[in-house]
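Here is a short briefing on one protein chain. Look at the structure first, then read the points below.

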Amino acid sequence: ETRVRETRVCVRARDSCRVVSCRVVEGGMMTTSRCATTRAARGAARVDKRRARARGAGGAASRGAARRGVIRYAGEDSTAVNEVATTFPFVKIVAQEELKLALTLNVVDARIGGVLIMGDRGTAKSVSVRSLVQLLPEIDVVENDAFNSSPTDPELMGPDVRAKFNRKEALKTTKMRVPMVEVPLGTTEDRICGTIDIEKALSEGTKAYDPGLLAKANRGLLYIDEVNLLDDSLVDVVLDSAAGGWNTVEREGISLTHPAKFIMIGSGNPEEGELRPQLLDRFGMAVNIRTIYDLDQRTELVMNKLAYEKDPKGYTKECEVETNELKAKIVAAQKILPNVTLDRDLALKISGVCALVNVDGLRGDIVVTRAAKALVAFEGRDVVTAEDIGRIIGPCLSHRLRKDAMDTMDGSFKVMLAFNKIFKGSAMLNFAETMAEGIKAPEPEKPKDEKPKEKPKPKAGAWSGLPGGR
């Protein structure tokens, strides 16, 4: 006689009864029993799932999703999805030109490798990234696919879609915005990589994969706020996927590999901690932003923010023309990008700058080249010049320099000194002496209007010394 009893615990039930099902096998016959609490919990789960699908077609219900303004799944209709919540207009961010340029260039060419944004509190770091969703173009995806699979490129397909593609089956497609996925600070490794689908395992008794954030970020952007506070184990997981473009899941009897090609954007406050060198090198560009002290710019930004809070939809509607112009410019740049050329002499000079500042590896050379081409395409040209390289080489290399605790010089300043020496042939015989000269404090100027002090006259009757000045 065979007798096996299996008990599973309900993760959704909130009453005293926690048992989902008891499977009893007696003499080869299996029976399954479920409690009333379990049936209610599964019914609530179905309702939650329907609501989630409704949000994918029309809007985000939760506060967090409304703040991010992004839905990651393609809907069943042919319209573009994840155009839901209103965010502060990207075109109304005052100053911070280097930050806006770095974000825009990464949208033009995703191969640049992302942006690291470090700066003071309240300098519109997160606002700038979240408002970038307004500029993201539309892409073709396979309908109802959790991996945002491409209908034509097998390297960007999930496992199920690739199997259908190999069998020459027809794939239903739709359009969606390039997805932007946020990694919460308190997330877990299971939520990032994905795990087993508990609901399907309990209801159907089959092993199924529940996609994580890396799957949802495929062909899109992965945003990590307060990246310098992220747990090291999670950093390692993200780094592995960012390096290879694939995520491998081996857990609970599931073995699965899916594409995870994304642009990584991180932001943080340097006062709260430094980033590991391995993570720093993964970002294509790095931008250090500071508080605006210009009175006119501060006032303009405050007034823009107050107007947006008063009527978010109306204020966004007023900026629609500027936003559409910038969006069209990005789409045109993506078409020009394959035809942009870079002279070999300029490529040699780029490598010379990287070698002069002791950049480890070749990732810096590659990123500078790609960023320069993206800038040229964004401005509607097709030939890279030395001036174009000078505009982007600082953000591409400054975070790759070796750290010296005794060196107070900014990394971007070192990069620009090396750029001037290689590209402009300045008389810098010794680079170390030039850098030391660059941080030397200027000598104080002598006042010009001061008159020489006159000797005080001796008092009447005072002894003036011996005759002859002795």
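This is a predicted model: local features need pLDDT of at least 70, side-chain atom pairs count only at pLDDT 80 or more; totals for chains, interfaces and linings use all residues.

The protein chain has 470 residues, and 42% of them count as buried. Its secondary structure comes to 18 helices and 14 strands.

**The whole chain**
- Take contacts between residues at least 6 apart in sequence: 70% of them join residues at least 24 apart.
- The chain exposes about 26,800 Å². Carbon and sulfur atoms supply 52% of that area.
- A search of the whole structure finds 14 salt bridges.

**Helix 3**
- Helix 3 covers residues 97–108. It has twelve residues.
- From first C-alpha to last, helix 3 reaches 16 Å, close to the 16 Å expected at 1.5 Å a residue.
- Nine of its twelve residues are buried, so helix 3 is largely enclosed by the rest of the structure.
- Among the buried residues of helix 3 are Leu-99, Ala-102, Leu-103, Leu-105, Val-107 and Val-108. Lys-100, Thr-104 and Asn-106 are buried too.

**On either side of helix 3**
- Ala-95 lies in the loop between helix 2 (63–68) and helix 3.
- The phi of Ala-95 is positive, near 60°, in a residue other than glycine.
- Ala-95 has a relative accessible area of 19%, and the cut-off for buried is under 20%, so Ala-95 is buried.
- Asp-109 lies in the loop between helix 3 and strand 4 (115–119).
- Asp-109 is buried, with a relative accessible area of 5%.
- A polar atom of the Asp-109 side chain lies 3.1 Å from the backbone nitrogen of Arg-111.
- Beyond residues up to four places away in sequence, Asp-109 touches Leu-337, Arg-370 and Ala-374.

- Helix 9 runs over residues 232–244, which makes 13 residues.
- At 1.5 Å a residue, helix 9 should span 18 Å. Its end C-alpha atoms are 19 Å apart, which agrees.
- The buried residues of helix 9 are Leu-234, Val-235, Val-237, Val-238, Leu-239 and Ser-241.
- These buried residues pack against several elements, including helix 6 (189–193), helix 8 (213–216) and helix 10 (277–282). Strands 10 (220–225), 11 (246–251) and 13 (262–268) are also packed against them.
- Gly-245 follows helix 9, and its phi is positive, near 80°.
- Glu-226 lies in the loop between strand 10 and helix 9. Its phi is near 55°, a positive value in a residue other than glycine.
- Glu-226 counts as partly exposed, at 25% relative accessibility.

**A buried loop residue**
- Asn-218 lies in the loop between helix 8 and strand 10.
- Is Asn-218 buried or exposed? At 0% relative accessibility, Asn-218 counts as buried.
- Asn-218 and Phe-262 are 44 residues apart in sequence, yet 5.4 Å apart in space, C-alpha to C-alpha.
- Leaving aside neighbours within four places in sequence, Asn-218 is in contact with residues including Phe-147, Asn-148, Leu-156 and Pro-179. Pro-259, Ala-260 and Lys-261 are in contact with Asn-218 as well.

- Side chains of opposite charge can pair when their charged atoms come close.
- Glu-271 forms a salt bridge with Arg-121, with the closest N and O atoms 3.1 Å apart.
- Glu-271 is in the loop between strand 13 and helix 10, and Arg-121 is in the loop between strand 4 and helix 4 (125–131), so the pair ties together parts 150 residues apart in sequence. Both Glu-271 and Arg-121 are exposed.
- Lys-349 and Asp-345 form a salt bridge, with closest N and O atoms 3.6 Å apart.
- Both lie in helix 14 (residues 344–356), four residues apart, about one turn of the helix.
- Lys-349 is partly exposed at 24% relative accessible area, and Asp-345 is partly exposed at 40%.
- Glu-379 and Arg-391 meet through their side chains in a salt bridge (2.7 Å, N to O).
- Glu-379, Arg-381, Asp-388 and Arg-391 are linked in a network of salt bridges.

**A nonpolar surface patch**
- Val-302, Met-303 and Leu-306 make a nonpolar surface patch of about 290 Å².
- Met-303 is found in helix 11 (residues 295–310).

Notes. Residues are numbered from 1 along each chain as its sequence is written. Side-chain values use heavy atoms; hydrogens and water are left out. Helices (H or I, at least four residues) and strands (E, at least two) are DSSP runs, numbered from the N terminus. The expected span of a helix is 1.5 Å times one less than its number of residues. Buried means under 20% relative accessible area, exposed over 50%, partly exposed in between (1.4 Å probe, protein chains only). Contact means heavy atoms within 4.5 Å. A polar contact is a pair of N or O atoms within 3.5 Å; within protein, one must be able to donate a hydrogen and the other to accept it, and residues adjacent in sequence count only if both atoms are side-chain atoms. Patches are made of residues with over 30% relative accessible area and no salt bridge: like charges are joined within 9 Å, nonpolar side chains (Val, Leu, Ile, Met, Phe, Trp, Tyr) within 5 Å. Accessible areas come from the Shrake-Rupley method with a 1.4 Å probe; for residues, only the protein chains shown count as cover. A salt bridge is a side-chain nitrogen of Lys or Arg within 4 Å of a carboxyl oxygen of Asp or Glu.
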